[in-house]
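Here are my notes for you, written as numbered points. Keep the sequence and the 3D view open while you read.

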Amino acid sequence: MMFLKVPFAEKDEAKALGARWNGERKAWYVPDGKPTEPFERWLAPGGADFVPAKASVAPKAKPLSVDSYIGKSVVGKFYMELPHDCNPFETCPVCAPALATSGWQAAHDSVEQMLATLRA
């Protein structure tokens, strides 16, 4: 199998001469046993070993599986697991010291300050 570099505008001409399309590699090729002389102007460097750039750029997207990240918790830089079920946006005497020492409270306050300036 000899791969070719056929411009899109010339694909019909290559096909008429007997070239075939390889969908996996996304490239035209000369089937085995077919003379390559009519295809000289499209012969790719490396011949049979040629892999077009498009084929090696990005793999095809895989379908979502059970092991995908959908539905998994995203843990950020200031993630805190609270000792009991409370709302971190409201002052809680049990959780406040943990939030203050973790950096969560400072980050929350800076975001609140930024939002206040935007609202004004």
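The points below go from the overall picture to single residues.

1. First, the ground rules. This is a predicted model, where local features need pLDDT of at least 70 and side-chain atom pairs count only at pLDDT 80 or more, while totals for chains, interfaces and linings use all residues. Residues are numbered from 1 along each chain as its sequence is written, and side-chain values use heavy atoms, with hydrogens and water left out.

2. Now the overall layout. The protein chain has 4 helices and 3 strands; these are DSSP runs numbered from the N terminus, with helices being H or I runs of at least four residues and strands being E runs of at least two. Of the 120 residues in the protein chain, 21% are buried. Here buried means under 20% relative accessible area, exposed means over 50%, and partly exposed is in between (1.4 Å probe, protein chains only).

3. In what order do the strands of the open sheet sit? The order is E1-E3-E2, and the pairing is antiparallel. Two strands count as paired if DSSP finds at least two bridges between them. In general, strands of a sheet pair through backbone hydrogen bonds, either parallel or antiparallel.

4. Next, the edges of that sheet. An open sheet of 3 strands in the order E1-E3-E2 has strand E1 (2-4) and strand E2 (20-22) as its edge strands, each pairing on one side only. On average, neighbouring strands of this sheet are turned by 45° against each other, direction ignored. For that angle, axes are lines fitted to C-alpha atoms (for helices, over the stretch in contact), and angles run from 0 to 180 degrees between N-to-C directions.

5. Take a look at how E1 meets E3. E1 and strand E3 (residues 27-30) run antiparallel and are joined by 3 bridges. Methionine 2 has valine 30 as its bridge partner in E3, and leucine 4 has tryptophan 28.

6. E3 has another neighbour, E2. These two also run antiparallel, with 3 bridges joining them; asparagine 22, for instance, has alanine 27 in E3 as its bridge partner. Are the residues on the faces of E3 buried or exposed? Both faces are covered: Ala27 and Tyr29 on one side, and Trp28 and Val30 on the other, are all buried.

7. E2 and E3 form a hairpin with 4 residues between them. Lysine 26, in the loop between E2 and E3, has a phi near 55°, a positive value in a residue other than glycine. Most residues other than glycine have a negative phi. Lysine 26 counts as partly exposed because its relative accessibility is 42%.

8. How many salt bridges does the structure hold? There are 2, a salt bridge being a side-chain nitrogen of Lys or Arg within 4 Å of a carboxyl oxygen of Asp or Glu. One of them joins lysine 11 to aspartate 12, with the closest N and O atoms 3.1 Å apart. Lysine 11 is partly exposed at 26% relative accessibility, whereas aspartate 12 is exposed, with a relative accessible area of 52%.

9. There is also a salt bridge between the side chains of arginine 41 and glutamate 13 (2.3 Å, N to O). This pair links distant parts of the chain, 28 residues apart: arginine 41 is in the loop between E3 and helix H2 (53-57), and glutamate 13 is in helix H1 (residues 11-16). Glutamate 13 is partly exposed because its relative accessible area is 41%.

10. What about disulfides? The structure holds 0 of them, a disulfide being a pair of cysteine sulfur atoms within 2.5 Å. For cysteine 92, the nearest cysteine sulfur is that of cysteine 95, 3.9 Å away, and cysteine 92 is in no disulfide. Cysteine 92 counts as buried at 12% relative accessibility, and cysteine 95 is buried too, at 0%.

11. Last, check the loop between E3 and H2, where you'll find threonine 36. Threonine 36 is partly exposed because its relative accessibility is 24%. Threonine 36 and alanine 19 are 17 residues apart in sequence, and their C-alpha atoms are 9.7 Å apart in space.
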